[in-house]
Amino acid sequence: MVLCQEFSFSLVYQGFLIAHEMMHAWMNLSGYEPKSEEVEEGISQVMGHMWLECEVSSRNGRWSHFERKLWEFIKFQVEVSHCPIYGDGFRKGQ
Ligand SMILES: [Zn+2]
């Protein structure tokens, strides 16, 4: 996937990805073994989604127009993804 520079370096997107990847790291380090890839990715997507929810309240309206639209886009993509691993996993993990 090719991402434009503004998208890939956005703190909103980076925060989402870091929260997602930190959940993978936590599962690995704690010895938790998910039953399937769907469960592991779903839980990680839920964590990334939770980060987005926290971020919107911590910003207190201090957003650029681009950041707000990007936040809406990422959140929407997580919620409606048709991917059986990420999308279905997220919905089951909530
Ligand atoms: Zn993942």
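**Helix packing around helix 3**

The axes of helix 3 and helix 5 cross at roughly 70° and come within 7 Å of each other. Helix 3 is therefore roughly perpendicular to helix 5. This is a predicted model.

**Helix 3 with helix 5**

- The crossing of helix 3 past helix 5 is right-handed.
- Helix 3 brings Glu38, Val39, Glu41, Gly42, Ile43, Gln45, Val46 and His49 to the contact.
- Helix 5 brings Tyr86, Asp88, Gly89, Phe90, Lys92 and Gly93.
- By class, the residues of this contact are five nonpolar, five polar and four charged.

**The buried face of helix 5**

- Helix 5 spans residues 86-93.
- Its buried residues are Tyr86, Gly89 and Phe90.
- Viewed down the axis of helix 5, these buried residues fall within an arc of 100°, so they line one face of the helix.
- What do the buried residues of helix 5 pack against? They pack against helix 3, residues 37-59, and helix 4, residues 65-80.

**Helix 3 with helix 4**

- A packed pair of helices is described by the angle between the two axes and the distance between them.
- For helix 3 and helix 4, the angle is about 150° and the axes are 10 Å apart.
- Angles over 145 degrees count as roughly antiparallel, so helix 3 is roughly antiparallel to helix 4.
- Helix 3 and helix 4 make a left-handed crossing.
- On the helix 3 side, the contact is made by Gln45, Gly48, His49, Leu52 and Val56.
- On the helix 4 side, Trp71, Ile74, Lys75 and Val78 take part.
- This contact of helix 3 with helix 4 has five nonpolar, three polar and one charged residues.

- Is Ser44 buried or exposed? Ser44 counts as buried, because 24 C-beta neighbours lie inside 10 Å, and the cut-off for a buried residue is 20 or more.
- Which residues does Ser44 contact, leaving aside neighbours within four places in sequence? They are His20, Met23 and His24.
- Ser44 lies 16 residues from Asn28 in sequence. In space, the two are 12 Å apart, C-alpha to C-alpha.

Key: Residues numbered from 1 in each chain as written. Predicted model: local features only at pLDDT ≥ 70, side-chain atom pairs only at ≥ 80, totals over all residues. Buried ≥ 20, exposed ≤ 12 C-beta atoms within 10 Å, placed from the backbone. Helix = DSSP H or I, 4+ residues; strand = E, 2+ residues; numbered from the N terminus. Arc of directions from axis to C-beta. Contact = placed C-beta atoms within 7 Å. Axes fitted to C-alpha atoms, helices over the stretch in contact; angles between N-to-C directions. Parallel < 35°, antiparallel > 145°, perpendicular 65-115°, else oblique. Left-handed = near helix turned anticlockwise from the far one by under 90°. Nonpolar A, V, L, I, M, F, W, Y, C, P; charged D, E, K, R; others polar.
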